[in-house]
Amino acid sequence: MTSGLWHERRLGEDKQRRNDHRSPYQRDRARILHSAAFRRLQAKTQVLGVGMNDFYRTRLTHSLEVSQIGTGICAQLKQKYPELLSLLDSMSLIESLCLAHDLGHPPFGHGGEVALNYMMRSDGGFEGNGQTFRILTALEPYTEHYGMNLCRRTLLGVLKYPACHSQLYQSLPKPTVNSYRQLKPSQWQPVKGIFDEDKPILDWVLAPLSNNDAALFVSNTTLDPNQHKRTLYKSLDCSIMELADDTAYAIHDLEDAIVMGIVTQAMWQEDVADKLAASDDSWIRQEFVNIGTKLFACEHHLRKDAIGTLVNGFVTAIEINDNSDFNEPLLRYNAVLEPAFQHALDILKQFVYRRVIRKPEIQMLEYKGQQIVMELFEAFASDPQRLLPLNTQERWQTTYDNNGNAHRVIADYISGMTDEFAARLHQHLFSARAGSLIDLQ
């Protein structure tokens with residue numbers, strides 16, 4: 001690994017800041033933390049709707065928790081693998097990836113993502129991780145044309161799916177949608193990858209790799225004939241970030257659901273404890289199986305102690321795999337959970353999905369957001385030079401004049417909205433009783 005190449009930025013910088021001794025990754029973290037895209041996460045849905053209660057997690061608090069877990073994983077790996085210390089030396093890098101990982105998610109969670117993917121079905125699709133890459137490299141106005149102008153290694157770390165839409169897209173049979181009301185998310189799942197417009201930036205990120213490493217890294221497979229293709233590999237940094245994200249999703253979203261009364265101890269016993277009672281790992285059999293009493297206790301401190309135990313269990317059960325098919329150390333090594341703990345995490349994630357995400361009351365909120373996003377897109381696409389904000393109009397016109405994908409500009413605009421802003425804008429456009437323009441400032 002040549003660190004100089006991985007520290008490079010697309011736009012050369014010579015800021016001449018006084019007594020600035022920060023590392024490249026500390027600078028990247030600061031740019032993410034101070035970005036408008038990061039601040040907007042405070043008003044975007046994680047699982048439970050924004051505004052339902054000030055206790056529940058938003059995308060912002062989720063990202064902060066992912067960052068804390070990510071640095072915990074990194075600290076554990078430094079102790080376990082001192083020979084890889086040169087690869088694990090920057091906590092700021094892992095923090096940057098964890099703080100940035102959800103920047104591209106649109107308003108109203110998965111409902112908003114499916115809605116934008118449907119509206120962009122003939123124009124390259126839409127997917128939250130691809131939008132994150134786009135925000136970091138092009139949209140966030142830290143620079144005029146290069147987004148936040150982050151280090152190459154930071155951008156490599158956010159690539160959960162390092163291939164372009166056109167390489168992964170499968171033309172799947174879909175029923176005719178006569179009305180937005182009929183759109184079923186399961187039939188319009190996004191392609192998980194980078195948008196084709198951003199391929200030159202992806203090529204720049206991967207430029208230090210050998211031809212063999214680059215070809216293998218972007219390779220894909222068909223896991224299910226009824227789904228789009230999926231990439232197979234990610235970098236070491238990305239694997240740490242993804243484990244932190246999965247842990248936060250499974251455990252912290254579970255905590256929100258417990259507090260709200262969505263899940264009960266009986267559900268936990270049936271869906272989680274009973275299944276883990278036969279685990280190959282003695283710690284899981286002893287701790288996870290019997291932790292329900294604390295998790296569902298009326299005393300808050302007992303629940304917090306249980307949540308901490310669950311997080312600790314996963315963070316300390318991570319090891320590093322060595323894939324000798326790659327030469328580049330950042331690709332060769334990946335963080336993975338021990339098999340018994342991966343099985344436990346999968347059971348927890350399935351529990352949250354089945355008992356929380358799929359709950360009709362949550363799905364109604366998602367459906368409502370889905371409708372709002374599609375109707376906003378339809379309105380803006382009908383007359384962009386009339387309805388888009390002036391600066392977005394300029395971007396749309398420039399893209400259109402250059403025979404670019406002008407609909408991508410509309411998707412960029414809507415995906416950056418918070419839940420509340422999108423709802424108010426929708427009301428302003430379509431409700432006869434909407435307020436004045438002042439409401440949208």
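Since the model is predicted, local features need pLDDT of at least 70 and side-chain atom pairs count only at pLDDT 80 or more, whereas totals for chains, interfaces and linings use all residues. Numbering starts from 1 along each chain as its sequence is written, and side-chain values use heavy atoms, with hydrogens and water left out.

Helices here are DSSP runs of H or I with at least four residues, strands are runs of E with at least two, and both are numbered from the N terminus. H5 covers residues 91-100, and eight of its 10 residues are buried, so the helix is largely enclosed by the rest of the structure. Buried means under 20% relative accessible area, exposed means over 50%, and partly exposed is what falls in between (1.4 Å probe, protein chains only). The buried set in H5 is Ser92, Leu93, Ile94, Ser96, Leu97, Cys98, Leu99 and Ala100. These residues pack against helices H2 (24-33), H3 (36-40), H4 (59-80), H7 (128-139), H8 (152-157) and H12 (236-260), where contact means heavy atoms within 4.5 Å.

Buried residues in H4 include Arg59, His62, Val66, Ile69, Gly70, Ile73, Cys74 and Leu77. An α-helix has 3.6 residues a turn, so residues three or four places apart point the same way.

Arginine 31 sits in helix H2 and, at 8% relative accessibility, counts as buried. Its side chain makes a polar contact with the side chain of tyrosine 142 at 3.5 Å. A polar contact is a pair of N or O atoms within 3.5 Å; within protein, one must be able to donate a hydrogen and the other to accept it, and residues adjacent in sequence count only if both atoms are side-chain atoms. Not counting residues up to four places away in sequence, arginine 31 touches Arg9, Glu13, Lys15, Tyr142, Met148, Asn149 and Leu150.

Tyrosine 146 belongs to the loop between H7 and H8 and is partly exposed at 28% relative accessibility. Tyrosine 146 and arginine 9 are 137 residues apart in sequence, yet their C-alpha atoms are 9.3 Å apart in space. Leaving aside neighbours within four places in sequence, tyrosine 146 is in contact with Arg10, Leu11, Leu136, Thr137 and Ala138.

On a 1 Å grid over the protein atoms alone, a cavity is a set of points where a 1.4 Å probe fits but cannot get out, a pocket is an open set with protein on both sides within 12 Å along at least five of seven lines, and lining residues have an atom within 4 Å of a point. Points are joined across faces, edges and corners, and a volume is the space filled by probe spheres set on the points. The second largest pocket holds about 1200 Å³. Of its 39 lining residues, Ala138, Leu139, Glu140, Arg395 and Asp412 are the closest to the centre. H7 gives the largest share of this lining, with six residues. The lining divides into 13 nonpolar, 15 polar and 11 charged residues; Ala, Val, Leu, Ile, Met, Phe, Trp, Tyr, Cys and Pro count as nonpolar, Asp, Glu, Lys and Arg as charged, and the others, Gly among them, as polar.

Two cavities of 30 Å³ or more turn up. The largest cavity, about 40 Å³, has a lining that includes Glu127, Asn129, Val158, Lys160 and Tyr161. The second largest cavity has about 30 Å³ of space and is lined by His101, Asn129, Thr132, Val158, Lys160 and Met241.

Most residues other than glycine have a negative phi. Phenylalanine 108, in the loop between H5 and helix H6 (109-119), has a positive phi of about 65° and is buried at 14% relative accessible area. Asparagine 403, in the loop between H21 and H22, has a positive phi of about 60°, but is exposed at 74%.
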